[in-house]
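Dear colleague,

I am handing over the structure below, together with a short account of what was found in it. Please read the account beside the model.

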Amino acid sequence: MTTKKSSLVSIFDEYSTLDLNIRSGVILLTVLFILFFSSVFELSYPTQIVELYSVPWWRFLVVILVVIGTWWCHRVGFVLALAAFFYLNDVHMLTSSFVNLENTIHQ
Amino acid sequence: MSGVQSGGVQRPVVDEIIQMTGHFSLLFLVLVCVYVSRIPSNILYKFKKTWVQLLGVLGIMTITALYGYIHGILAALAFSLVVSHALRSGSEGFTGSCDSPVLVLDNDSASFVPKSHRWFSEKVLGENPIAINEDRVTTSAVQDLSERTMGTNSSNVSR
């Protein structure tokens with residue numbers, strides 16, 4: 001009985017370690033995405049996600065991804081929200097008309 | 001007697017309301033994030049003011065305290081997107097349309113346009129503006145101060 005209990009605890013520990021590793025991996029990947037695509041203006045986003053921005057359900061999926069990430073772990077959610085903000089903001093600015101950009105510069 | 005609930009903790013009414021409004025507020029925040037470009041410009045213009053932005057930050061903190069991390073992070077995302085769009089969206093002030101009069105009249109430098117004295121361009125173009133942001137333009141004469149051109153000018157003068 002003691003052996004069973006200890007094995008269960010060890011499995012739980014392994015699961016916890018695995019979960020921690022996955023969280024760290026997701027955070028690392030998201031930070032790399034922010035560093036490579038969001039922080040460098042000259043490096044463009046992948047064409048597919050730029051074209052998908054105009055579709056509302058894609059933006060729904062992005063925001064729901066943030067919700068699910070926050071539900072899983074609030075640190076993951078924070079980093080995902082940061083990436084989602086940069087993505088939604090940058091792509092909207094790049095796909096909007098130049099009139100607004102001119103007004104922004106003059107203001 | 002079996003139908004009577006015994007024991008447990010009686011939840012305050014405020015907690016019940018917060019629990020009930022949690023899903024609706026989450027849906028509202030998701031919709032704001034997705035359709036932030038559809039927000040009217042007169043609402044976006046209010047987010048340019050500093051005290052509105054400070055209120056927004058306080059609102060995010062309140063939402064986080066009331067509902068938790070999910071609502072808080074989503075509220076922060078929605079607020080950041082709205083403020084970013086508000087700071088980027090500009091209006092010329094003389095658009096000829098009256099769908100956003102608040103945008104023009106809220107500005108400190110805006111003044112009403114008198115109906116009696118209309119500008120020539122307004123008469124010609126058939127514009128009937130209610131207010132105007134800037135009615136004066138400061139100009140200066142064109143001056144070329146480059147060295148090469150100055151040399152040419154001096155030679156012309158010497159002739």
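Helices (H or I, at least four residues) and strands (E, at least two) are DSSP runs, numbered from the N terminus.

This is a predicted model, in which local features need pLDDT of at least 70 and side-chain atom pairs count only at pLDDT 80 or more, while totals for chains, interfaces and linings use all residues. Residues are numbered from 1 along each chain as its sequence is written, and chains are lettered from A and ligands numbered from 1 in the order in which they are written.

H1(B), residues 13-34, packs against H4(B) at an angle of about 30°, with the axes 9 Å apart; axes are lines fitted to C-alpha atoms, for helices over the stretch in contact, and angles run from 0 to 180 degrees between N-to-C directions. The two helices are therefore roughly parallel, as angles under 35 degrees count as such, over 145 as roughly antiparallel, 65 to 115 as roughly perpendicular and the rest as oblique. Their contact (C-beta atoms, placed from the backbone, within 7 Å) includes Leu26(B) and Leu29(B) of H1(B), and Leu74(B) and Leu81(B) of H4(B). Its residues divide into 12 nonpolar, three polar and no charged, where Ala, Val, Leu, Ile, Met, Phe, Trp, Tyr, Cys and Pro count as nonpolar, Asp, Glu, Lys and Arg as charged, and the others, Gly among them, as polar.

H3(B), residues 50-67, also packs against H4(B), at about 165° and with the axes 7 Å apart, which makes the pair roughly antiparallel. This crossing is right-handed. Among the residues that meet are Ile60(B) and Ile63(B) in H3(B), and Ala76(B) and Phe79(B) in H4(B); by class, the contact has eight nonpolar, five polar and no charged residues.

Of the 159 residues of chain B, 16% count as buried.

Finally, 22 residues of chain A are in contact with 16 residues of chain B. On the side of chain A that touches chain B, H4(A) gives the most, with 10 residues.

With best wishes

Methods: A residue is buried if 20 or more other C-beta atoms lie within 10 Å of its own, exposed if 12 or fewer, and partly exposed in between; C-beta atoms are placed from the backbone. Two residues are in contact if their C-beta atoms, placed from the backbone, lie within 7 Å. A crossing is left-handed if the near helix is turned anticlockwise from the far one by less than a right angle, and right-handed if clockwise.
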